[in-house]
Amino acid sequence: MARSTKEEALETRSRILDAAEEVFFTRGLAQSSLADVAVAADVTRGAIYWHFKNKSDLFEAMCERVRLPMETMMTTPGEKFVRDPLGHLRHTWIYLLRDVVDNPRSRRVLDIIFLKCELVDHNDPIWVRQRECHREGLEMMEGILREAVAIGQLPADLDTHLAVLCLHASLVGLLTDWLFSPDSFDLKAVVEPLVDACLDSLRNAPSLRQKKAVVAN
């Protein structure tokens, strides 16, 4: 009996998360309530509060079912890329962008985060979580670029802070553009050359090099 009850609870939790994903995707986060989710999941609001403290807690649990871009950046490279930081970065971005095309759940959740997450309160737990994840991901990416500089994969005078901002803006911009208008281009077809173009810019763009101090006479 206890096993059955536990399985039923897990099934209910999963159904609530599925419903939240659909409701947030359809209506946007700010315009959705827990009552909306309860109706979509065919459960009571009490059932939702049994599993989740509030909408922020529900949103976080929904996001945890997919790998977010910055969280993906923070994963430890596989054995193939242990001594190839730039290869790890390239592989990770290509995998992530292809996964958005192939995985409907990843696509919906990222669509909610990038296009339908109308947050205005900077103290909102959802906003705080995304901001922290974004900051930590940028730090991790810059760490990878520093490793690439150290072993000669990137120029020794690369300004890694500028470089990571440029790389992140380009690739997240590509993702957001496709989520906004997926029929406008074939993301899977362009992902490799565009990721490679971004990495080429880190190797070759003079504007991403550290400025040398001017010595006064």
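Predicted model: local features only at pLDDT ≥ 70, side-chain atom pairs only at ≥ 80, totals over all residues.

## Helix α9

Helix α9 covers residues 160-180. With 21 residues at 1.5 Å a residue, α9 should span 30 Å, and its end C-alpha atoms sit 29 Å apart, which agrees.

Which residues of α9 are buried? They are Thr 160, Ala 163, Val 164, Leu 167, His 168, Leu 171, Val 172, Leu 174, Leu 175, Trp 178 and Leu 179. Viewed down the axis of α9, these buried residues fall within an arc of 140°, so they line one face of the helix. An α-helix has 3.6 residues a turn, so residues three or four places apart point the same way.

## Helix α10

Helix α10 takes in residues 187-204. Its 18 residues should span 26 Å at 1.5 Å a residue, in agreement with the 25 Å between its end C-alpha atoms. Asp 186 caps the N-terminal end of α10, placing a side-chain oxygen 3.2 Å from the backbone nitrogen of Lys 188.

The buried residues here are Leu 187, Val 191, Val 195, Cys 198, Leu 199 and Leu 202. Their cover includes α6 (85-102), α8 (125-150) and α9.

## The α4 and α7 pair

Helices α4 (residues 55-63) and α7 (residues 104-115) pack at an angle of about 135°, their axes being 10 Å apart. That angle makes α4 oblique to α7. From α4, the contact is made by Phe 59, Met 62 and Cys 63; from α7, by Val 109, Ile 112 and Ile 113.

Notes: Residues numbered from 1 in each chain as written. Heavy atoms only, no water. Helix = DSSP H or I, 4+ residues; strand = E, 2+ residues; numbered from the N terminus. Expected span 1.5 Å × (residues − 1). Buried < 20%, exposed > 50% of the residue type's maximum accessible area, 1.4 Å probe, protein only. Arc of directions from axis to C-beta. Axes fitted to C-alpha atoms, helices over the stretch in contact; angles between N-to-C directions. Parallel < 35°, antiparallel > 145°, perpendicular 65-115°, else oblique. Contact = heavy atoms within 4.5 Å. Polar contact = N/O pair within 3.5 Å; in protein donor to acceptor, adjacent residues only side chain to side chain.
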